[in-house]
Amino acid sequence: MIITRRWLEEFINISNISTDEICKTLNSIGLEVDSVEKNSIASKVVVAKVLSKEKHPDADKLNVCQVDLGDEVTQIVCGASNVEAGQTVAVATIGAILGDDFKIKAAKLRGVESNGMICSSTELGLPKLNDGIMVLDNSIGELILGKELKDYPILNDDIIEIGLTPNRGDCLSILGVARELAAFYDLPLIELDKNINDHELSIGQIFEINSSNIDTFLVYKAIDFSNFKLDLITNLRVALIGKFKENSNIRNSLFYATHCVGTILNAYPREDFVLKNELSVLDLRKNEKGFDCSYSSTNCLSQICVEQKDFSESSSDFLLEASYINPEVISKRVFDAKIKTGDIFYKASRGSNPDLNYGVNYFSSFASKMGATIYSGAKEFLEDIEKTTLSISAKNINSIIGQKIEKIEIERILTSLEFEIKESVEDILLIKVPHYRHDIKNIADIAEEVIRMVGIDNIISKPLAIDEVNRVNKTSLDLQKKNKLRYKAIENGFFETLTYVFSSKENLEKYGFKTVKDELDLINPIVKELNTYRTTLLLNIVEACSNNFKIGARSASFFEIGTIFDENRVESKKIAFVHSGASSLEDVSNAGKPKNIDFFSFSKKVLNTIGEFELEPMTNIDNKFIHPYQSANILIDGKISGFISKLHPSVASDFDLSDTFFAQIDFDSLKDGLIKASSYSKFQASRKDLSIIAPKTLEFKEIKKVINSLNNNLIKQYNLIDIYSDDKLGEDESLTIRFTLQSDDKTLEDEDINQVISSILDALKEKLNITLR
């Protein structure tokens, strides 16, 4: 947002406040100043008048001008195509320095003497207006021949650029910034000049405006621009904000007024309308995508508050339009429709000035000064909207601020910011929020307004005091569990990463992940690449691996504990792991060529972090990250709590990764109970290997179920240690299971061991028809 000191002075009297002080104040009240620039026109550049112009005898594109400098008449050769006799211009006289290596000297151009230079705006350090010279007028002050331009304050202005947060659309205007300064310095705003050149006719005598089911608030005014011409200062200001278009007085005036007061303005030439009973007819209705539009018959003139079309300025009569729509409504509608928007949508989506009559009256007064005449009357499409009312405790405001601000001072601050204080009873303030502050929703927002005006530097620093009671709840237990998991993950070689709770909707859909329903999705994403809530942690941490590989990493191992969302935007907490590339560092033991990590090595790292779990084959693969042959469900206490997989080769190729494995587990399913110690047997343990023949189609978990069903206390542990198959075995395979047998009461004898093994074989034979190899 660009403002200038002199521009601000048209709305508030800041003559006794320095520019440096204004900038400090703006920073203090939350309007961060990005830059300050002083426009200073060089010495010896004076106001002059072109008395005559003649063609150069030896150059077609040069003119020989006689120029009155006030104390003398001098000759200047000028190459600008727009120079004419009678113009008042800026002349750099002999000795003027316009740049580091640009000093004006007496010279001969094609044999003709030239004693100075008639300047363009850019040669004086001002914004560009044209390819020719700059013609002066009384908008800069009284034009006195020979007076130096550095003595005209309005041309030697201080330019301030402010960086606004998206919620402060109310400050996207000179009026909005002036309103903030008025509140801080307790100064009144300068009243609107209401001098208007009235036309003899009314708007209803030339225009007919019909409305059907629109959401936008609108006010229309008819204007005759026959004798309308913008002055120099207005053109320079429009050029300063980057909106100037040469020979487009009406369009430039709309940009100027919108920047001044924040009201979204547009204009339609009467020649674009269809006539009906000698009236130009405008129809307001929604288009096929549900946006409010202006139509003349079937011709769409504009999408209101979304995109404005250019227009011809050959017509004299125009219909002026002031519009406002709730920024949250238009932002969501544009996001859902994914349509092209114009510059005006930026203001509409952040909150333009809802006081349309103020905007129309300002433009009418401004246009009248520039020669336009205003048709009487207006056509309004407005509704009375109840202001947001908040019931706030002054004590609670002070609690948030951390310092006592007297209730009467809080009332004064809020009143100066145009909040209405109703029925102030004891400690409670009943506050009505101005329509232009759509960002004020709760007590925290009110407290922020108070802090801004008090000044953050005026809040006394003091130690943070917390009255805490001894309590344990799910939140505290989850925090303890989270910290334990973090320590364990780091012990096992994972680095913690934190990513946004947002992700790319396009990438989620590309790789088959579910996305949040459109009606529940983000309305105004911070960037295009983070345009939806994440429904998995995996996309973000795989992208983190990819970013590391792009800068030369050979291995990347990350974990993240965070929130994800389902289609209905219901939150859940997950922990995700990923390891890509080499399983270890390059060193002597691997001759500088470490192997890539494999499924079982990765699984062991995850197991050492989260504790015991079991694996079973995945039967339902619902995204493209999962490898169809190297993946498994993670079971904790017999329930599916997540999954582990190799990254599908085609996806790994997209991210320029080598062998990559990942896992995502439900955080709540992980155990964090106390580990109970129990006595151990003092007698020797025996190990016995058992080789059995089982069908290849039989899952090992079925064998485990049978063994576990025996509930034999002598079986302390068993593991599958070998799988063998050959042609003789056909559709069967040999499985070798190693058992650890131990008694708490005695040393096991061969008879005891054989009895246990026999019971296992009998159970496997009976329930699964499995026999000894």
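Helix 8 (356-369) contributes three residues, the largest share, to the lining of the second largest pocket. Helices are DSSP runs of H or I of at least four residues and strands are runs of E of at least two, numbered from the N terminus. Pockets were located on a 1 Å grid over the protein atoms alone, as open sets of points with protein on both sides within 12 Å along at least five of seven lines, where a 1.4 Å probe fits; lining residues have an atom within 4 Å of a point. The model is predicted, with local features requiring pLDDT of at least 70 and side-chain atom pairs pLDDT 80 or more, whereas totals for chains, interfaces and linings use all residues. Residues are numbered from 1 along each chain as its sequence is written, and side-chain values use heavy atoms, hydrogens and water being left out.

The volume of the second largest pocket is about 1,000 Å³, a volume being the space filled by probe spheres set on grid points joined across faces, edges and corners. Its lining comprises 33 residues, with Pro354, Asp355, Pro434, His435 and Tyr436 closest to the centre. Helix 3 (174-185) and helix 6 (327-337) are also among the elements that each supply at least two lining residues. By class, 15 residues of this lining are nonpolar, seven polar and 11 charged; Ala, Val, Leu, Ile, Met, Phe, Trp, Tyr, Cys and Pro count as nonpolar, Asp, Glu, Lys and Arg as charged, and the others, Gly among them, as polar. Because domain 3 (198-381) and domain 4 (389-458) both give residues to the lining, the second largest pocket lies between them. Domain bounds are taken from an automatic or database domain assignment.

The largest pocket holds about 2,100 Å³ of space. Of its 49 lining residues, Leu607, Phe613, Glu614, Leu615 and Lys704 lie nearest the centre. Elements giving two or more residues to this lining include helix 12 (474-491), strand 34 (626-636) and helix 17 (700-709), while helix 15 provides the largest share, eight residues. The lining of the largest pocket contains 21 nonpolar, 13 polar and 15 charged residues. At least three residues are drawn from each of domain 5 (474-669) and domain 6 (686-772).

An unreviewed UniProt entry places the feature "domain: TRNA-binding" at residues 39-150. Over residues 39-150 the chain is 0% helix and 41% strand, with the end C-alpha atoms 9 Å apart.

Technical notes: UniProt positions are given in the numbering used here, feature names are shortened, and annotations may be inferred rather than shown by experiment.
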